[in-house]
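Let's take a friendly tour of how the parts of this structure meet. Have the sequence and the 3D view ready as you read.

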Amino acid sequence: MDLTTTLTGFVALYIFMLAAFTGYEIIGRVPAILHTPLMSGSNFVHGIVVVGAMYALLNATSTVEQVIGFIGVLLGAGNAAGGYVVTERMLEMFKPSDKKSDNAKK
Amino acid sequence: MNLQPQLIIDASYFAAAFLFIYGLKRMSSPVTARSGIVVAGVGMLVATLASFLYVFGVNEAAQPHLTTNIILAATALGVGTLWAWWSGKRVAMTAMPQMVALYNGMGGGAAAAIAAVELLRTSATHTTIPLIVTIVGALIGSVSLSGSLIAWAKLDGKINGTWRVKGQQVINGALFLLTLGLGLFIVFAEHGHASPQVVAVFFGLALIFGVLMTMPIGGADMPVVISLYNAFTGLAVGFEGYVLQNPALMIAGMVVGSAGTLLTLLMAKAMNRSVSNVIFSNFGATGDESQGEIKGTMKAAEAGDAAVNMRYASKVIFAPGYGLAVAQAQHKLFEFVKLLTDAGVEVKFAIHPVAGRMPGHMNVLLAEAGVPYDMIYDLEDINEEFKEADVAVVIGANDTVNPAARTNKSSPIYGMPILNVDQARQVYVIKRGQGKGYSGVENELFFADNTSMVYGDAQKVMVAMIQAVKQLEGGH
């Protein structure tokens with residue numbers, strides 16, 4: 001792989017460590033009412049795996065790789081799109097209670 | 001390789017990583033939560049569109065297949081997105097947890113697929129560390145895929161009950177070691193050039209392990225399990241991101257991995273169980289024989305009588321459970337509650353941490369019905385108040401109000417914090433039939449002296465109660 005960035009050894013470990021702390025800090029102070037939407041939201045975020053599957057599929061050289069890559073992109077896209085829709089629908093309900101002003105705008 | 005497209009890809013991934021973290025941060029407060037998912041969604045869109053630029057930098061070996069691959073990629077992306085969009089829009093709010101499980105399993109499957117392609121790419125030269133990471137990611141991703149599918153099927157009622165054999169933990173342990181051993185064989189003996197058959201067996205074993213690991217876990221513990229698999233998928237994505245040298249996958253995967261782990265621990269804590277307890281102990285396995293005889297009898301009450309009783313009470317606390325949501329009775333319940341508050345009754349909602357199917361699920365369902373936040377209380381905040389309440393109403397909840405969790409050491413739910421509804425002067429339990437709760441445990445609350453059962457579909461009961469109170473008002 002000849003990408004311009006190389007993320008080997010300790011650089012990769014630093015990324016993992018900082019990302020782990022970030023995730024911990026974000027969830028640490030969340031009220032219980034948001035646990036379900038946040039689980040769904042983080043479920044959406046790992047849908048980014050679709051990008052990796054795209055890379056694998058576009059670089060496929062054999063039929064087997066193409067089939068597995070196809071499944072990977074299919075599943076990854078489902079993870080991302082489904083995670084988004086479900087999370088958005090849940091969070092839609094967390095609108096402020098003054099619905100009247102909302103309707104008036106429409 | 002052409003530098004320009006790669007630069008755009010890198011910049012897009014950087015933007016995506018920022019937008020994910022910023023979006024998750026906004027999602028952690030009710031006020032900004034809605035915009036948070038939109039922010040993260042923009043990040044996903046940018047990254048996915050940019051990934052098509054890989055076309056300009058594919059390996060020489062893949063050049064002849066490029067047109068086919070592009071068509072395949074666009075098709076998979078389109079079909080996967082449309083199907084998930086359609087199914088996500090259609091699913092009922094009550095079925096949300098199993099949908100999250102399903103989408104999560106798909107993500108784990110995608111991570112496993114990346115690993116599979118990597119392991120089957122015979123042309124590639126593999127070094128040891130990326131290879132180990134590939135194998136670990138493949139194992140976690142596969143377990144997350146098959147485990148999440150089982151969790152989905154269980155919550156969706158497609159698989160009923162739990163499935164256990166004697167010595168299951170030994171079998172699972174042996175299977176895990178076998179899978180891990182085969183993975184190490186691929187790394188150290190074959191140096192990543194194992195035959196496709198060996199790779200297939202490895203993935204097969206990992207998938208079977210995910211199934212066997214999830215099957216014995218009872219339905220009541222499923223939320224913790226889904227959250228755990230969510231963290232698993234995050235880790236698998238992060239690891240495969242390292243293998244592909246893709247920082248967006250590494251960061252997003254690891255953020256979810258740690259956030260999901262913490263969320264899992266918080267949920268397990270809310271149920272007063274440790275995560276290892278959830279996975280390795282056979283919840284509810286003690287069965288009926290260990291439960292003592294329950295004294296007393298169940299008393300039935302009419303919905304109308306109960307409603308009138310509540311109308312003249314000074315303080316009423318509702319303890320809603322999943323049954324309320326199944327009956328789609330939230331809206332009728334809130335209508336009834338408004339009648340009570342108009343009559344000057346103090347009404348509160350008590351939410352058990354695991355009411356519904358996931359922590360916070362019941363809050364979402366009540367919010368859907370328009371119940372304001374200031375009427376909804378968490379378990380710790382309201383448990384002391386049941387003593388002063390005239391009436392406690394249990395709607396479609398069971399295990400979360402079972403006093404056996406406090407007193408009966410032989411009960412499988414012993415130690416779980418419960419709502420102290422039994423301390424209210426009068427308890428009404430609205431319930432469809434005399435069945436047991438999700439954990440399969442008999443509930444002695446139903447037999448208590450101060451408890452009356454209101455049998456019937458929650459929605460019909462609420463309608464009857466509304467009518468009873470309205471008639472009362474009309475009669476004056």
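## The interface between the chains

Between chain A and chain B, about 8,600 Å² of area is buried, and carbon and sulfur atoms give 76% of that. Keep in mind as you explore that this is a predicted model. On the contact itself, chain A contributes 82 residues and chain B contributes 105 residues.

What about charge pairing and polar contacts? Two salt bridges are counted between chain A and chain B.

## What chain A brings

Which elements give two or more residues to the side of chain A that touches chain B? They are α1 (9-28), α2 (35-45), α3 (49-58) and α4 (63-92) of chain A. The largest share comes from α4(A), with 27 residues.

Sorted by class, the side of chain A that touches chain B has 48 nonpolar, 28 polar and six charged residues.

Over all chains, the count comes to 11 aromatic pairs. One of them joins A:Tyr55 and B:Tyr54 in an edge-to-face arrangement, at 4.8 Å centre to centre and with 75° between the planes. This pair crosses between chains: A:Tyr55 sits in helix α3 of chain A, while B:Tyr54 lies in the loop between α2 (33-51) and α3 (66-90) of chain B.

## Inside chain B: domains 1 and 2

Now for a look within one chain. The domain assignment divides chain B into domain 1 (1-80), domain 2 (94-285) and domain 3 (303-475). For domain 1 and domain 2 of chain B, the C-alpha centres are 24 Å apart.

In the contact between these two domains of chain B, seven residues of domain 1 meet six residues of domain 2. The area buried between domain 1 and domain 2 of chain B is about 500 Å², with 79% from carbon and sulfur atoms. By class, the side of domain 1 of chain B that touches domain 2 has six nonpolar residues, one polar residue and no charged residues.

Key
Residues are numbered from 1 along each chain as its sequence is written. Chains are lettered from A and ligands numbered from 1 in the order in which they are written. This is a predicted model: local features need pLDDT of at least 70, side-chain atom pairs count only at pLDDT 80 or more; totals for chains, interfaces and linings use all residues. Side-chain values use heavy atoms; hydrogens and water are left out. Contact means heavy atoms within 4.5 Å. Buried area is the accessible area (1.4 Å probe) that two parts lose on being put together, summed over both. A salt bridge is a side-chain nitrogen of Lys or Arg within 4 Å of a carboxyl oxygen of Asp or Glu. Helices (H or I, at least four residues) and strands (E, at least two) are DSSP runs, numbered from the N terminus. Ala, Val, Leu, Ile, Met, Phe, Trp, Tyr, Cys and Pro count as nonpolar, Asp, Glu, Lys and Arg as charged, and the others, Gly among them, as polar. Domain bounds come from an automatic or database domain assignment. Rings of Phe, Tyr and Trp (its six-membered ring) pair if their centres lie within 6.5 Å; planes under 30 degrees apart count as stacked, over 60 as edge-to-face and the rest as tilted.
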